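Thanks for coming. I will take a few minutes to walk through one chain, starting with its overall make-up and then going through some of its parts.

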Amino acid sequence: MPSKSPVIRLLSDLVSIPSINPSLGPSNSNLTGEEGVATLLADQAGKLGIEIQRQAVLPGRKNILLRLKPKGKIKSRIMLAPHMDVVPAEENAFKPKIKNGKLYGRGACDTKGSMAAFFQAFCDLAKNGPLPLSTEVIFVGLVDEEFGQAGSRKLAKSGPQADLAIAGEPTELKVVTAHKGNSWLQLQTTGVAAHGATPENGKNAIEAMTPILKTLFHDYPKILGKRTHPLLGSPTLNIGKISGGNQPNIVADQCTIDLDRRTIPGENEDSIKKELMALFRQQKLPIPHFSSTRSVPCLPLDTDPNLPFVQTLLRASKKRKTHGVSYFTDASPIAMGGTPAVVFGPGNIAQAHARDEFIDILQLEKAYKIIGVFLKNMP
Ligand SMILES: [Zn+2]
């Protein structure tokens, strides 16, 4: 790479290490797994005498925690927490290229850009100081954000806890304190099978689902539209899948629909189920069977913008307001574990997962500076 900037060099090195999430990519591929990224981080941290911890999450997959102790007794703690995995791409997407002020490559934006900015600032602090008096700074490389967030869920469960965690994601340097959660629900109606020639002898589950669909498409969105969050707007519903019956000459004995319900703070799976049941009852509709198709909760994020370290980050980034985004991040599982979390990083989410993923180099450098200032202002 022709550039001399340490953060660009680091990002190029990180992009060059393929780390496709194994749950999304081909098995036994040399392109999958986070371990190569963790090794690079550990090598550099080791040279600076930073304490290295590993946290087993999934078979062969571990979070990495790099702990920089303050000068004195620990009174507060912050975590810089980008994820190490990326979504699938061809092998040549892991050869970084710089063109017109942009660095191209899988993960450049989501989220190795954040990782490079955070880690370079973290290493500068370890190397040049001055160390905070009483704040421990932990750089955490998380596994599995792009699939089930197993890394951040493990971190939340097994610690350490902190006063603030910054989940690295491309927010265009906005400080994000809120994002929606999501619930995946399956609704099922049942009927009685009978020969297609004598439908009067059966009970059609598809027919039972029909008024439910009508209510979900027409009445429920109006109810959701009246509910708003200042940073997130209204919750939404998408009916993404329908299936039922077996073949034309049999009366359908079951019908299912799959819902993606995006939630705002105050809503959860139980509250959604209750309000839907109440609505169906009020309209005298058949009550379907409810089940959840997610194995882990994905709650909305709603962190208090007035927390002192959030304010420090706002000042460091010369911003006044915090923002909300529509996508889900590691910040939510971390916050569910008791550590307040925000989302911050260089790049635009529009380029995340895109075929020609890139990051704006100017933003990358800015993020590096902002985190540097933030760390210098730690007590
Ligand atoms: Zn990401």
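Take the contacts between residues at least 6 apart in sequence: in this protein chain, 78% of them join residues at least 24 apart. Please keep in mind that this is a predicted model. The chain has 379 residues, and buried ones make up 46% of them. Its C-alpha trace spans about 80 × 45 × 40 Å along the principal axes. In terms of secondary structure, there are nine helices and 16 strands.

Now to one of the sheets. Which strands form it, and in what order? It is an open sheet of three strands, in the order β4-β5-β16, with antiparallel pairing. At the edges are β4, residues 97–99, and β16, residues 358–360, and each of these pairs on one side only. On average, neighbouring strands here are turned by 25° against each other, ignoring direction. As background, strands of a sheet pair through backbone hydrogen bonds, and they do so either parallel or antiparallel. Between β4 and β5, which covers residues 102–104, there are three bridges, and the two strands run antiparallel. Within that pair, K97 is the residue opposite Y104 of β5.

What lies across β5 and β16? That is helix α9, residues 361–376, which runs at about 65° to β16.

Is L375 buried or exposed? It counts as buried, because it has 23 C-beta neighbours inside 10 Å, and the cut-off for buried is 20 or more. Leaving out residues up to four places away in sequence, L375 touches A121, L125 and V137. Of these, L125 is 250 residues away from L375 along the chain, yet their C-alpha atoms are separated by 7.5 Å.

Helix α9 also meets another helix. Helix α1, residues 6–15, has an axis that comes within 10 Å of the α9 axis, and the two cross at roughly 110°. The crossing is right-handed. On the α1 side, the contact is made by V7, I8 and L11, and on the α9 side by I361, L364, E365 and Y368. Sorted by class, that contact has six nonpolar residues, no polar ones and one charged.

Next, some other strand pairs. Strand β1, residues 51–58, is joined to strand β2, residues 61–68, by seven bridges, and the pair runs antiparallel. E51 has R67 in β2 as its bridge partner. How many residues lie between β1 and β2 in their hairpin? There are two, and G60 in the turn has a positive phi of about 75°.

Further along is strand β9, residues 181–190. It pairs in the antiparallel sense with strand β11, residues 254–263, over 10 bridges. There, L185 has L259 in β11 as its bridge partner. Strand β9 also pairs with β12, residues 289–292, again in the antiparallel sense, over four bridges. In that pairing, Q186 stands opposite S291 of β12.

To recap one point before we stop: α9 lies across β5 and β16, and its axis comes within 10 Å of that of α1. That is all from me.

Definitions and conventions: Residues are numbered from 1 along each chain as its sequence is written. This is a predicted model: local features need pLDDT of at least 70, side-chain atom pairs count only at pLDDT 80 or more; totals for chains, interfaces and linings use all residues. Two strands pair if DSSP finds at least two bridges between them. Axes are lines fitted to C-alpha atoms, for helices over the stretch in contact, and angles run from 0 to 180 degrees between N-to-C directions. Two residues are in contact if their C-beta atoms, placed from the backbone, lie within 7 Å. A residue is buried if 20 or more other C-beta atoms lie within 10 Å of its own, exposed if 12 or fewer, and partly exposed in between; C-beta atoms are placed from the backbone. A crossing is left-handed if the near helix is turned anticlockwise from the far one by less than a right angle, and right-handed if clockwise. Ala, Val, Leu, Ile, Met, Phe, Trp, Tyr, Cys and Pro count as nonpolar, Asp, Glu, Lys and Arg as charged, and the others, Gly among them, as polar.
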